[in-house]
Number of protein chains: 2
Amino acid sequence: MTKVTRRGLLSMAGVGGVGAAAGLAAGFLGHDAVAGAEPPPQPDSDTVPFHGERQAGITTPAQDRLHMAAFDVVTEDRDELIALLKDWTAAAAAMTAGKEAGATGAVNGPYDAPPEDTGEALGLSAGRLTLTFGFGPTLFEKDGTARFGLEGRRPAALIDLPHFPGDDLQEQRTGGDLVVQACSDDPQVAVHAIRNLARIAFGKAHVRWSQLGFGRTSSTSRAQQTPRNLFGFKDGTNNVKAEDGGLLDEHVWVPAGAPAPEAWMEGGSYLVARRIRMHIEIWDRTSLREQEGLIGRTKAEGAPLSGGTEFTAPDFGAKGWADAPLIATDAHVRIAHPSQNSGVRMLRRGYNFTDGSDGLGHLDAGLFFIAFVTDPRTHYVPMQSAMARQDSLSVEYLVHTGSGLFAVPPGVRPGGYVGEGLFPA
Amino acid sequence: MTKVTRRGLLSMAGVGGVGAAAGLAAGFLGHDAVAGAEPPPQPDSDTVPFHGERQAGITTPAQDRLHMAAFDVVTEDRDELIALLKDWTAAAAAMTAGKEAGATGAVNGPYDAPPEDTGEALGLSAGRLTLTFGFGPTLFEKDGTARFGLEGRRPAALIDLPHFPGDDLQEQRTGGDLVVQACSDDPQVAVHAIRNLARIAFGKAHVRWSQLGFGRTSSTSRAQQTPRNLFGFKDGTNNVKAEDGGLLDEHVWVPAGAPAPEAWMEGGSYLVARRIRMHIEIWDRTSLREQEGLIGRTKAEGAPLSGGTEFTAPDFGAKGWADAPLIATDAHVRIAHPSQNSGVRMLRRGYNFTDGSDGLGHLDAGLFFIAFVTDPRTHYVPMQSAMARQDSLSVEYLVHTGSGLFAVPPGVRPGGYVGEGLFPA
């Protein structure tokens, strides 16, 4: 892991910043000492490009850690919202390149102003940081009234998600006008990014909810091994992956040809976020047989109970003893399978979480589900409706405690800003 | 990072476990497939020894991630408590060696019983996992009544911490009969360890509070660089380190020669845990000058404002313009310095945390302070009393929201169990 970029900025603070001209101030003795000791800046090999046709953080091979935050916009001024998106874009481009969030950074002055970076990522590499931005339904309208001059611009696919059986959504973990998904292999880098975007938003937007994920539960590239969720099972074996070009176009990206008010979403996607609490204590007292039966796969290998290895297609017709199906009719792998869901697929990018205890003697732990889909009306709602009713795993061991749906605009070209297609000049 | 140990166990499941004898059951097709594909077990180089004179996780070079949990013991039966400590010891020895928590593991049967490991660490190395156990005051007595036959065994140093100015302790984040500190470079491994200890404790103890830390804030070895806290400053520059043999004896370990009822603590230590919420949003709007003045060090290098580099001793007598001290009289580095605190030192081992949002538009973030000291009466309470009153940083930007003090017994010899000196046969 290279550590040069942000350290390189430190050295510049001493030689070109305020420090060199203000040696009398006590605080600058240290700056000068740093300047002499730092190596020259070198390119950072640990970065994911920010600009591009699509936003990064979707097909990017899933990083190890997540910090996601939703924001409520507290201004009603369209220009202030646009200014915020521009400021976020500039900060995101810098931070994903391993640089500090602002031009003057954490330590290179002016000495009598708040630093434009909070500093806790000084000395760390970018850790493959990606920042992915999305817009919630409430950005477009609230209580029946359009906001920010966005009358008629809300995409039809950006629905209000229905109530699903078993939902126990907490208001303070649900919704939001804006969302930012920060993924990095270093959690300090992901937290630093969200924290600095929140700092930049001061007076315009504030944090509605925030979620840390400590372990990814899906691979989004064939080069990655399938990780395990907190049920101890491999998760995301059948995930859509970066290499699946045609599947991505069909199931993940918003296609060209949308009606004019929605054309700004072409090349974008829809982000479904669901905070899924797992009843792990109850799960841990069930037998291995029951666990594998509920999932429909083996625990060790992740192979379907109809046989084979992890990537063998499940055979839902296969029968065993007493003519019972080898994969039960209520098994998770069956209910969630594309063949049972009109062929739809998702690109899942979720993370395991543990948020302290629940006050009842249990860990508050589970799966923070994240999926990117071309249209949640076809690619999320029907499947989640089926799972919430028929999938015994969902019914007995899961409860959804938070939820969000966000329109993720396409990527940003150099000089542009995130979501600018929504705000014609 | 080696991945062999737990994968090695998987292969044994296929050849020696229930799987080989039960090929008819659908679930075992997968197990058999695994068995053929797995490499033979190899030694894991990524482990910290569990047994020893001292518990690991104190002077062990600080790992990157933390999961700490406090437990309430819900049985009042001394034998059940001892049985729990024995079970925890066996599981801890296994997990810190990169093995599964129980003899039958997550996948190697019996097929009709709950697995003795929850499985989410399958395929992961130990990641230098350490598990460090401690006993809270309420293990010894509650509401004035002794528990578990421990009359007179509570060490005098295991005090009830006083209320400090500015404390805003939440009951559900404070206290606990037992504590377990899990540290690993892989958060999934640390969470897995706490989760499996909680599973083992079912019916005897349950989770009172649990805290994840995503980034270490102290180095405990001279081989480690000093990390940064969420104020963006290096933290723990002056920490006691593993290499400081004499200082450890003086400031961290409980010495020999204690009165008989406390002899079981010889070679142990006391763990102070404090959940310190930082008002980072307010901090982020202060100038670099004010930030450095409050800390008493430069932000870039961490050098004292009296000059030099990070490890230069601060000169509290140094004066600058208008005869003002270069390090302010209320600067954190001054108030916390051993020279201002009767020469006492601590071994700090804290972690940065972010626990979602506070419902008021801010991140709930800060420092989970952990320190190991020879006696909290001399080595924590006076310093914290001074800081809570005189340190402007503490007064203006910090609020303590959780607290715990635990007696950490010495290490476990092979065949013994943690804390056995407290329970003579």
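Let's start with how the two chains relate: chain A can be laid on chain B by a turn of 180 degrees and a shift of 0.0 Å along the axis, with an RMSD of 0.0 Å. That is the relation of a two-fold axis. In chain A, the C-alpha nearest the axis belongs to Asp355(A), at 3.4 Å from it. For that superposition, copies are fitted by least squares on the C-alpha atoms of residues with pLDDT of at least 70 in both.

A quick word on the ground rules. This is a predicted model, where local features need pLDDT of at least 70 and side-chain atom pairs count only at pLDDT 80 or more, while totals for chains, interfaces and linings use all residues. Residues are numbered from 1 along each chain as its sequence is written, chains are lettered from A in the order in which they are written, and side-chain values use heavy atoms, with hydrogens and water left out.

Now, how many residues of each chain are in contact? Here 74 residues of chain A touch 74 residues of chain B, where contact means heavy atoms within 4.5 Å. The copies meet through the same surface, because 100% of the interface residues of chain A are also interface residues in chain B.

What about area? About 6000 Å² is buried between chain A and chain B, and carbon and sulfur atoms give 62% of that. Buried area is the accessible area (1.4 Å probe) that two parts lose on being put together, summed over both.

On to the individual pairings. Four salt bridges are found across the interface of chain A and chain B, a salt bridge being a side-chain nitrogen of Lys or Arg within 4 Å of a carboxyl oxygen of Asp or Glu. If you'd like one to look up, the side chains of Asp284(A) and Arg195(B) form a salt bridge, 2.8 Å from N to O.

Which parts of chain A supply this surface? Among the elements that each give at least two residues to the side touching chain B are helix 1 (4-16), helix 5 (187-200), strand 6 (205-213) and strand 10 (351-357) of chain A. Strand 6 of chain A has the largest share, six residues. Helices (H or I, at least four residues) and strands (E, at least two) are DSSP runs, numbered from the N terminus.

Finally, a note from the records. An unreviewed UniProt entry lists residues 55-214 of chain A as "domain: Dyp-type peroxidase N-terminal", and such annotations may be inferred rather than shown by experiment. In the model, that span is 23% helix and 22% strand, with its end C-alpha atoms 22 Å apart.
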